Amino acid sequence: MKTLEELRKIREKAQQEMKLRSASHRIKVVVGMGTSGIAMGAREVMKVLLQEISQRQLTDVLVTQTGEKGLSSLEPVVDIIEEGKPVVTYGNVTPENARKIVAEHIVNGKVVSDFVVAAENK
Amino acid sequence: MYEEIYIKYSPEQENLISILHDIQDSHPQHYISEEAIREVSEYLRIPVSHIQGVLTFYTMYSTRPRGKYIIRLCESPPCFLAGSEKILAILLRVLGVKLGETTGDGLFTLELCACLGVCGNAPVMMISDTVYGDLNEEKIISIIEKYQGGQA
Amino acid sequence: MSLKHIDVLLCCGSGCVSAGALKIREKLEQVLTENHLQDEVNIIETGCMGPCDYGPVMLIYPEGVFYKHVKVEDVEDMVQEHFIKGRPLQRLMLHEDEGTPLVTKSEIPFYRKQKKVALANCGYIDPEKIGEYIAVGGYEALGKALTEMTPEQVIDVIKRSGLRGRGGGGFPTWLKWQLVNQNPVQPKYIICNGDEGDPGAFMDRSLLEGDPHRVLEGMLIAAYSTGASSGYFYIRAEYPLAIKRIKKAVQDARDLGLLGDDIFGSGFSFTAEVRTGAGAFVCGEETALISSIEGRRGQPNPKPPYPSTFGLWGKPTLVNNVETLANLSAIIQKGPDWFASMGTETSKGTKVFALTGDVKNTGLVEVPMGITLQELIFEVGGGLAAGKKFKAVQLGGPSGGCLTSEHLDTRIDYESLREKGAMMGSGGVIVMDDSNCMVNVAKYFLEFSLEESCGKCTPCRVGLKEMHSILEKITRGEGTIELLNQLEVLGKSIKELSLCGLGQAAPNPVLSTLRYFRSEYEEHILSRSCPSLVCQELLHYHIDKEKCIGCSLCARKCPVQCIFGSREDKYEITQADCVKCGTCQEVCPVGAISRFPGVSADLRQDTAAEFTKLYK
Ligand SMILES: Cc1cc2nc3c(=O)[nH]c(=O)nc-3n(C[C@H](O)[C@H](O)[C@H](O)COP(=O)(O)O)c2cc1C
Ligand code: SF4
Ligand code: SF4
Ligand code: FES
């Protein structure tokens, strides 16, 4: 180790690996993982979301899971939570839709209105 | 005979304590024999009497053969206040030995030791390098059985 | 990039490991694999999170959910419910007075009054990964010191921070550094004192296990400031995990070039090694420690000369405690004013304490200096278990003293505690409820010092033995008021005449209990009674015939067969033969047998009769 820059490089890389532990994420993607969600394929949706986000190296996006939300007819359900914006809820999400949501909503900030079931200010 | 250990340490007095630890740890009966003392004395070129002085000063060294597993029960005040005396009585009974003795099957030697620094879970004991906390009779029996079954 | 979206921080401090944390890890790995989640969940083994009493504990991110008392049987549910379905398990959470669950760490009262400086990363990062330490800002302070500051400037920063040694003495850290810095003799050495022998103390162990790089970085900063070119970590052999972790830290730092030649291109070079003790408490004393590193019996030497002039192999040597070193990086990074803003006039910063004994939340805490004992024991520590009354607190282990409920508003700083006859010590806090006999406690602490005395000087070796035998007499009911005075005189002269800190402090537990619990001693002597029902010779067992159902269980279990009676007449103990084993009380199904203070009435008559026979 000859310079501080070297240290900072190691630091940045290591911080990526610890990002789950820090509270700073631009976007939080929450997948409904109730029994009915899982029955309707929520696990697959979650997998696709994780893969897409990881492939696109979207380091400021957090994917997490939540329990039943009482929207069983619309499962699988995915919430996109962004600081200062209304929470957007997508319903009947398929792996195919999930890819679209990542590409358009998360990357480009364009809500994919076709699958939106609710948008509310929290 | 301790070449593997000597490789790690240059022949200097400052390595005496580490070498003695390694010799003791590598012996199946966890002790330092007369012969070992003589060998180390030659390797480090220090008198046998110096080594003996060191051995007797530090409580973790033993010059008597011991069991495969050494049970060290903490006798320091926090564990005492949490009932280590009772635990000792249980261990004495379960193992059927006196303090410092080795069980007939050569498995366990029971010793007391100073604070292990896990007082939040007092009373505690250490078997080899593993610490067991919040001891009670049931726990002790199941731990001992586990070692007797050979799955430590 | 990875698919990981859950970080499981599993506490693998010694406390939690002793409570079974490693089995949880095994099971967790198995269940994750069964559910094909192994690529989505990180398991990170951290150092002590603090509340060891609740072990095994874990934290789950991103939510930061805190789980306690996790059992192998809980793992399946945890994965199914929490990790898959996103429904954290309420039953593993802490509950406020059996009410609402406390989900995250910040909601838990145990953490509320705490301020983590030395422990900042403990329980948050994986101590075996140097990357995680660097990610949270590790080695930045070292970089800053080496590339932007002169050694003298670093010393000045430490001076302004007000940091004092955490190893017990409270010596100003900067002053010691300056002495070594100004010594022209080369080479110079630095030693990290990780001998932590005080019973009831585990701050240093937790730091070494939970954040070894912080201690190493501190050592490097101290070495740069004093001009030391090599250093030793002296860790007691009873801490195998700490030894392993610090060895790995040294190796990893070496691999990255944070140890070795020309660190950060500054021209400063340093090597570090790890040495272990072999079970001798006195080796924590710095001159004894130096003898031990040199491969000799760890006996103290008279001071002066101090290690700063004549230390390891006769060279100038800086000895600092683990926690002292662990404070340095934060002081350099955040500045001396930040550090000095915490604490009191004379004692700055924070202090790590190990809470043990009869307190609800035993474990590791870090609080600003200057909070009161009341806050430490009752707010952070949660007070005593239901139905128990606070009696005393022992600070500073066998070198320290006992304080009582009268002192609960005492501020925790070096001076206030010393004034009251206790001491900061290394940070062991043993809380005692009213079931403890203070004479017995004092005797026990003294026994510890007596066993650990290296025997080099007479006051310590012989004097402590004498004190101990007086205490034995008192607890056996053979004490006199004259002996009590003798105890005091002896204690004071041992303090004065002993060579090292062990002897100088060993009488403290006795002297402080004599000061604050004198009536308890007097009761042992004058009434031959142990009011706390601890000293066996000064209590007796008695069967309440009203409650006794005549089942004869006690009589059958009594090892000396001294209980007689029948179903009709009920049972009675022949006091003269009773060995006070307590078996009868344990086995009585209706709780008819209890302990009572003092020698039983029959015996008192007996001895009185004997006495008259003898002397008439
Ligand atoms: C009997 C005895 C035991 C000691 N044990 C320790 C110990 O375990 N750890 C420690 O850091 N200091 C211990 N000390 C204090 C050391 O001698 C020394 O003052 C300390 O390591 C200096 O570090 P500091 O200035 O950073 O506190 C002990 C002192 C005595 C007299
Ligand atoms: S005071 Fe006690 S421990 Fe210290 S040197 Fe003297 S005999 Fe040894
Ligand atoms: S305390 Fe023990 S010895 Fe005494 S009466 Fe009860 S069982 Fe017997
Ligand atoms: S060891 Fe886990 S909380 Fe202390």
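What follows describes one interface and then several salt bridges.

The model is predicted, so local features need pLDDT of at least 70 and side-chain atom pairs count only at pLDDT 80 or more, while totals for chains, interfaces and linings use all residues. Residues are numbered from 1 along each chain as its sequence is written, chains are lettered from A and ligands numbered from 1 in the order in which they are written, and side-chain values use heavy atoms, with hydrogens and water left out.

Start with chain C and chain B. Their contact (heavy atoms within 4.5 Å) takes 50 residues from chain C and 36 residues from chain B. Together they bury about 3,300 Å², 58% of it on carbon and sulfur atoms; buried area is the accessible area (1.4 Å probe) that two parts lose on being put together, summed over both.

Side chains of opposite charge can pair when their charged atoms come close. The rule for a salt bridge asks for a side-chain nitrogen of Lys or Arg within 4 Å of a carboxyl oxygen of Asp or Glu. Across the interface of chain C and chain B it finds one salt bridge. The partners are B:Glu14 and C:Arg275, at 2.8 Å from N to O.

Over all chains, the count comes to 46 salt bridges. One of them joins C:Glu40 to A:Arg43, with the closest N and O atoms 3.0 Å apart. C:Glu40 lies in the loop between helix H2 (21-34) and strand S2 (41-46) of chain C, and A:Arg43 lies in helix H3 (residues 42-55) of chain A, so this pair joins two chains. Helices (H or I, at least four residues) and strands (E, at least two) are DSSP runs, numbered from the N terminus. C:Glu40 is buried at 1% relative accessibility, and A:Arg43 is buried at 15%. Here buried means under 20% relative accessible area, exposed over 50%, and partly exposed in between (1.4 Å probe, protein chains only).

Chain B has salt bridges of its own, including one between B:Arg93 and B:Glu137, at 2.3 Å from N to O. B:Arg93 lies in helix H6 (residues 84-95) and B:Glu137 in helix H7 (residues 137-148) of chain B, so the pair ties together parts that are 44 residues apart in sequence. B:Arg93 is exposed at 52% relative accessible area, while B:Glu137 is partly exposed at 33%.

In chain A, salt bridges that share partners join A:Arg26, A:Asp60, A:Glu82 and A:Lys85 into one network.
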